[in-house]
Amino acid sequence: MTVNPAGAIATASPSPPNGPPPRRRTGPPDVPTTPRGLALRLATDPAAVGRARRTAAGALRCWGVPDTAADDIVLMVDELVTNAIEHAAGPVWLRLWLRRGRCVICQVGDSCHETPQPRPSDPDAENGRGLLLVAALADALGTRVTTTGKITWFRRRVRDGRIPAPRTASPHPFIDVDS
């Protein structure tokens, strides 16, 4: 993952040995670039959070991510997508992929240029602990402001060893992009 001088994020998908060079992508995802990744555009509606959770859970299950790590990742996806929908006024998207068979990387993009700030909350408060929870469960967490909004991301190691490739996966099992 690299950042250009304008602050836009670029990701490179892994390519098979002796295969074509990785393709660079910027901005919101349109289609996944590997069988181990998904890209999802979400409506700015609270119902989209459930769709993001279900899609992420299905992808993690397909990739063979252990249940305990998958549960944590789905919870973190839920928190970041909820924040994006509650605090941004424009398009929201989710990108999730398994990197090198060892860790999952999640990016949630929205049109708001303000970076999220963890805030102390009253023990009786109904909200305000999401980012603290994500920070506690993730190996790394960050936000990058872009020209079109921001990307909040986390990385979570799921295994010390490599997860074997699924045997029955189609080239793009989780293409689910709304226009």
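Modeller: Happy to! Let's begin with T55, a residue that lies in helix 1. With a relative accessible area of 11%, T55 is under the 20% cut-off and therefore counts as buried. Its side chain reaches back to the backbone oxygen of R51, at 2.8 Å.

Before we go further, please keep in mind that this is a predicted model. The mean pLDDT of the chain is 75, and 64% of the residues reach 70 or more. Confidence is lowest in strand 2 (residues 9–12), with a mean of 39, and highest in strand 6 (residues 103–110), with 95. Over residues 1–33 the pLDDT is below 50, though this stretch has 66 contacts in the model beyond near neighbours in sequence. The pLDDT is also below 50 over residues 166–179, a stretch with 27 such contacts.

Now for the setting. The chain has 3 helices and 8 strands, and along the sequence they follow the pattern β-β-β-β-α-α-β-β-α-β-β. Of its 179 residues, 43% count as buried. Among contacts with a separation of 6 or more, 61% are between residues 24 or more positions apart.

Back to helix 1, which spans residues 47–62 and packs with helix 2, residues 67–87. In general, two packed helices are described by the angle between their axes and the distance between the axes. Here the angle is about 150° and the axes are 9 Å apart. The two helices are therefore roughly antiparallel to each other, and their crossing is right-handed. On the helix 1 side, the contact is made by A48, V49, A52, R53, A56, A57 and L60. Helix 2 brings A70, I73, V74, V77, D78, V81, T82 and I85 to this contact.

Helix 2 has another partner in helix 3 (residues 130–137), where the axes come within 10 Å and cross at roughly 145°. This crossing is left-handed. From helix 2, the residues involved are D72, L75, M76, E79, L80 and N83. They meet G130, L131, L133, V134 and L137 of helix 3.

At 15% relative accessibility, R156 counts as buried. Leaving aside residues up to four places away in sequence, R156 touches A69, D72, I73 and M76, together with R102, C103, V104, L137 and D139.

V108 counts as buried, at 1% relative accessibility. Again leaving aside residues up to four places away in sequence, V108 touches L80, V81 and A84, as well as V92, W93, L94, K150, I151 and T152. V108 and L96 are 12 residues apart along the chain, with their C-alpha atoms separated by 8.7 Å.

Conventions
Residues numbered from 1 in each chain as written. Predicted model: local features only at pLDDT ≥ 70, side-chain atom pairs only at ≥ 80, totals over all residues. Heavy atoms only, no water. pLDDT = per-residue confidence, 0-100. Helix = DSSP H or I, 4+ residues; strand = E, 2+ residues; numbered from the N terminus. Contact = heavy atoms within 4.5 Å. Buried < 20%, exposed > 50% of the residue type's maximum accessible area, 1.4 Å probe, protein only. Axes fitted to C-alpha atoms, helices over the stretch in contact; angles between N-to-C directions. Parallel < 35°, antiparallel > 145°, perpendicular 65-115°, else oblique. Left-handed = near helix turned anticlockwise from the far one by under 90°. Polar contact = N/O pair within 3.5 Å; in protein donor to acceptor, adjacent residues only side chain to side chain.
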